[in-house]
Amino acid sequence: MPWSSDEIFQACVSTLEKMLETKGKDYKFPTDAIWLNMPESANVDSNIPGTARSPQAKRLLNSGYLELTGGMAKAHTKQGAGSIRKEYRFGPKLVPPISEPTIGATSSPSERLKDVQAAMDEDGYMITPAELANFYLALSVSPLVILSGISGTGKSLLPRKFAEITSAEFVPIPVQPQWSDNSDLLGYVPTLAPTTYVDGALTESLLKAKRNPSKLVIALLDEMNLAQVEHYFSDFLSVAESRTRVDGEITTDKLPLNLPSVPTENSDRCEELRNIRIPSNLRVVGTANMDESTKAFSPKVLDRAFTIELDDPTLTDFPRPIDSDSKPVERDRLAALASEMIQRDRAISIREAAAKSQPMFEYVAALLAEIQEILSPSGIKFGYRTRDAILLYLHFWRQYELQEIITGYAALDFCILQKILPKVVGSGEVLGDALRKLSVWLKDREIPQEGDPFPEFSGKLERCVDKVERMAALLERDGVARFWGA
């Protein structure tokens, strides 16, 4: 007779306690390892049907018996057939943290991110702490973050909910297929009305950010690749590249706005826009569906953006029930999370971050050089801009102390997946050979080397392994390898 939910939960707790004894506190595993480690007397197949297993992971998480690492792992059971699952470790109920957090403390970005994730869960939006941390780190590094994937995975809702919960400004901008130059985004002066300025889609965001320099402003380019992105967005991307620090302030070149001449009489209604630069507190998030109705991203766009693919929703996961007895998240203190990423003293280049992170930079750069060596025979290369974005991402990962919710190897996994693999496209046996070699290299990273100065970056890079194997399968089947939809 199948067990009740409470009986299954207690069996899981007992099994986790035994796993801790036998495998040690550093053991990491997908949840199906729990069912494999239950004693034969539990009669798992008859007492715990598959439909009753999925909800237990969230219950164990909420109860503190499990904790997500942010990484991914291959399923252990035959039923899983090596599919990619979320990776867990023993939670604080089983492995207490070294130091107990101060009650009411809000200084840790890690704790605040957990609270934002819990608040999203309360609102019915599902995202793991690691996925949220990845989005936050991408926003910290790049003025443009692209959320791609199939329709209905919450691409537009993620930046909206993040802004709402952290008290940031949010400006939705629906992209139109006919956008063909920067006037659609930055505004223009009509030929027959030379004293008039017609606002562009981004004008409101620019002004909000300029008027409130201490508040994060997120502009959402919804379905940004309905039009050719580099046609209407190239000027913004070029100016964003000029980001520098002058007298302690972060600034850029002037945006090339088409404004009417300065009036000799009356007030200048465009005064705030004259000589405007990209405010350091403005972030642009674009959503993209990759199908026959949209335009492909050019290398220029991909090189300057973090591309986060939301393409594999876990359909057995559900948000927190409305009638939950758990204490609501105190949202009024989460604005500090948005403020953290726009502080004027934050590093905007690897030169500024070198004092704290140079040894790590050299270590990770050597890993990236190995990937470059594997891919370059197939004509796929990446430059300093890609390297620097990855290094800054990992610098902020350490500075924000996010190790609790995203391990070092999971952070590296995200970086390679989002900054390097989108560049991989092509055909031919040379590319197939490169993908096979890259898959082997990624799998070898799981085993720490003796004397490794940064062992936190050694672990399962399963997100990348899975993507590379899918791309290789596409190449073999269709004759062309591609990142999108693989």
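Mentor: Burial is judged here by relative accessible area, computed with a 1.4 Å probe on protein chains only: under 20% a residue is buried, over 50% it is exposed, and in between it is partly exposed. The model is predicted, and therefore local features need a pLDDT of at least 70 and side-chain atom pairs count only at pLDDT 80 or more, whereas totals for chains, interfaces and linings use all residues. Residues are numbered from 1 along each chain as its sequence is written, and side-chain values use heavy atoms, with hydrogens and water left out.

Side chains of opposite charge can pair when their charged atoms come close. A salt bridge requires a side-chain nitrogen of Lys or Arg within 4 Å of a carboxyl oxygen of Asp or Glu, and by that criterion the structure holds 31 salt bridges. To place the partners I use DSSP runs, numbered from the N terminus, in which helices (H or I) have at least four residues and strands (E) at least two.

One of the pairs joins glutamate 122 to arginine 331, with an N to O distance of 3.1 Å. Because glutamate 122 belongs to helix 5 (residues 109–122) and arginine 331 to the loop between strand 10 (306–309) and helix 12 (335–340), this pair ties together parts that lie 209 residues apart in sequence. Glutamate 122 is partly exposed at 25% relative accessibility, and arginine 331 is also partly exposed, at 26%.

Glutamate 164 is partly exposed, with a relative accessible area of 47%, whereas lysine 161, at 10%, counts as buried.

A further salt bridge links the side chains of glutamate 169 and lysine 208 at 3.4 Å, N to O. Glutamate 169 is in strand 5 (residues 169–174) and lysine 208 in helix 9 (residues 203–211), so this contact ties together parts 39 residues apart in sequence. Glutamate 169 is partly exposed at 23%, and lysine 208 is partly exposed as well, with a relative accessible area of 23%.
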